[in-house]
Amino acid sequence: MECRHCASPLEKPGDFCLVCREANTEAVVLDATRDRATLTMLAGGDTEGDPDPDADATDEILGETTVTTTPEDGENETVELRNFAGLIGDEIRRKRPEEVYAGGSRAVIRAVREDIHHQFYRVDDDEPVQAVLDRRGNRALDVVETPPAEKIGGSHSTLIGGRTGMRAIQTVAGHPHVKKVIPGPIDAGGKGSQSGLRAKVTRADHGGNVRMLLRDGSSVQENRVVTTARDREMGERIREDLNDVLADAEFQ
């Protein structure tokens, strides 16, 4: 494949061009099982100089890359999984995509997320590539570049669960379509639980904003999450993303 910008040859489809320093891949779709991962590279269908830049454009599939492993059991599993995730991460890094969509094995996705630190969007579908193509084609959500710590505010500064509660809040605040997380008051009259701190994002309102519930023992805290969604449908999309991220971080 040649670079879409300067026509220099690329070693693999969608690689970042080291000649003109331009990215060729906008999004990577990761479809992972415990022993095999397929990465599909996508590029936006619009091009520079398009006479109608506001017209809808379909993403182009640039190619696929497959990474495999032989799963280990026992004490060797941790190292083997880390190495598998590292190989997947290497393939993603060489593309330098703006977004990574991931479906399949949560263990593999969690390990890859720890390796590359990209923002991940979960895709739960039998055909993840087509689901992402549909999703990106219908997407019209603004991205918030503000660091997670700067998105947290409001009159209530105390969070249940201490550092663990703050980590759950920052997990949600790190989502690119979250503008602000506003902690609410703590209700200590709930039913006790021995499962440790748990977090869940509830149904979106008409404006696309959601609520994040933190539970720790008998304490419950409802936190308002302001998103870039403009209606309930888009808010539900963000809610699903946030609950998947919380599940991957083992808060559910």
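Contact is defined here as heavy atoms within 4.5 Å, and helices (H or I, at least four residues) and strands (E, at least two) are DSSP runs numbered from the N terminus. The structure is a predicted model, in which local features need pLDDT of at least 70 and side-chain atom pairs count only at pLDDT 80 or more, whereas totals for chains, interfaces and linings use all residues. Residues are numbered from 1 along each chain as its sequence is written, and side-chain values use heavy atoms, with hydrogens and water left out.

The secondary structure of the chain consists of 5 helices and 10 strands. A compact globule of 252 residues would have a radius of gyration near 18 Å, and the 20 Å of the chain agrees with this; the radius is taken over C-alpha atoms, and the globule rule is 2.2 Å times the number of residues to the power 0.38. Along the principal axes, the C-alpha atoms fill a box of roughly 65 × 55 × 30 Å. Of the contacts with a separation of 6 or more, 63% are between residues 24 or more positions apart. Buried residues make up 44% of the 252 residues, where buried means under 20% relative accessible area, exposed over 50%, and partly exposed in between (1.4 Å probe, protein chains only).

Helix α1 comprises 17 residues, 77-93. From its first C-alpha to its last, α1 reaches 24 Å, close to the 24 Å expected at 1.5 Å a residue; the expected span is 1.5 Å times one less than the number of residues. The buried residues of α1 are E80, L81, F84, A85, G86, I88, G89, E91 and I92. Their cover includes the strands β1 (27-32), β2 (36-43), β3 (60-68) and β4 (99-104), together with α2 (106-116).

Residue V129 lies in helix α3 (residues 128-138) and counts as partly exposed because its relative accessibility is 21%. Residues up to four places away in sequence aside, V129 touches V29, T40 and I61. The C-alpha atoms of V129 and M41 are separated by 9.4 Å, although the two residues are 88 apart along the chain.

Most residues other than glycine have a negative phi. A7, in the segment before β1, is not a glycine but has a positive phi of about 70 degrees. With 41% relative accessibility, A7 counts as partly exposed. E250, also not a glycine, has a positive phi of about 65 degrees and is placed in the segment after α5 (232-248). At 55% relative accessibility, E250 counts as exposed.
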